[in-house]
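Here's a quick tour of charged pairs and a surface patch in one protein. Have a look at the picture, then work through the notes below.

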Amino acid sequence: MHDESLNGEVLVILRHAPHGSSWLREGLDAALVAAAFGRRVTLLFVGEGVTALVAGQAAGALGQKGTQPTLEMLAMYDIDTLLVDQQALDERGLTTNDLLLPVTPLAPGKLAAALAAHPLVLNF
């Protein structure tokens, strides 16, 4: 039986910084796979996840690579909707001008609407 709720857009929530764990990389990989299988993917960066978008990232401890090369590939997978929690940016003293890619900042009151608009949400 085919589940219709799994069709349509996928929202991938990215909550972790680029270094220190594999959560961010795994979330980006899941987004790329979903897009490769024809899903329309939206990324939502919240909490420490917003730091993944900061331009000019260097390698982390033990030579751990940054995510900038993966982020630069998003357009090739037609992943062009990048949402960012405005409050997370504010808490870290960042603006959209500090970020590697164009994003749409979401006010705290708009996050629930973004979640409700997507039938499938993956949280990393």
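**Salt bridges and a surface patch**

The side chains of Arg92 and Glu48 meet in a salt bridge, with N and O 3.1 Å apart. (A salt bridge here is a side-chain nitrogen of Lys or Arg within 4 Å of a carboxyl oxygen of Asp or Glu.) Arg92 sits in the loop between helix H3 (86-91) and strand S4 (104-106), and Glu48 in the loop between S2 and H2, so this pair ties together parts that are 44 residues apart in sequence. Helices (H or I, at least four residues) and strands (E, at least two) are DSSP runs, numbered from the N terminus.

Keep in mind that this is a predicted model: local features need pLDDT of at least 70, side-chain atom pairs count only at pLDDT 80 or more, and totals for chains, interfaces and linings use all residues. Residues are numbered from 1 along each chain as its sequence is written, and side-chain values use heavy atoms, with hydrogens and water left out.

**The network around Arg92**
- Arg92 also forms a salt bridge with Glu91, where the closest N and O atoms are 3.5 Å apart.
- Through shared partners, salt bridges join Glu48, Glu91 and Arg92 into one network.
- How open are these residues? Buried means under 20% relative accessible area, exposed over 50%, and partly exposed in between (1.4 Å probe, protein chains only).
- Arg92 is partly exposed at 27%, and Glu48 is partly exposed at 39%.
- Glu91, with 55% relative accessibility, counts as exposed.

**The Arg40 pair**
- The structure holds three salt bridges, and one of them links Arg40 with Asp80, their closest N and O atoms being 3.3 Å apart.
- Arg40 lies in strand S2 (residues 40-45) and Asp80 in the loop between helix H2 (68-72) and strand S3 (81-85), so the pair ties together parts that are 40 residues apart in sequence.
- Arg40 is partly exposed, at 41% relative accessible area, while Asp80 is exposed, at 54%.

**A nonpolar patch**
- Met73, Met76 and Tyr77 make up a nonpolar patch on the surface, with about 290 Å² of accessible area together.
- Patches are made of residues with over 30% relative accessible area and no salt bridge; like charges are joined within 9 Å, and nonpolar side chains (Val, Leu, Ile, Met, Phe, Trp, Tyr) within 5 Å.
- Accessible areas come from the Shrake-Rupley method with a 1.4 Å probe, and for residues only the protein chains shown count as cover.
- You'll find Met73 in the loop between H2 and S3.
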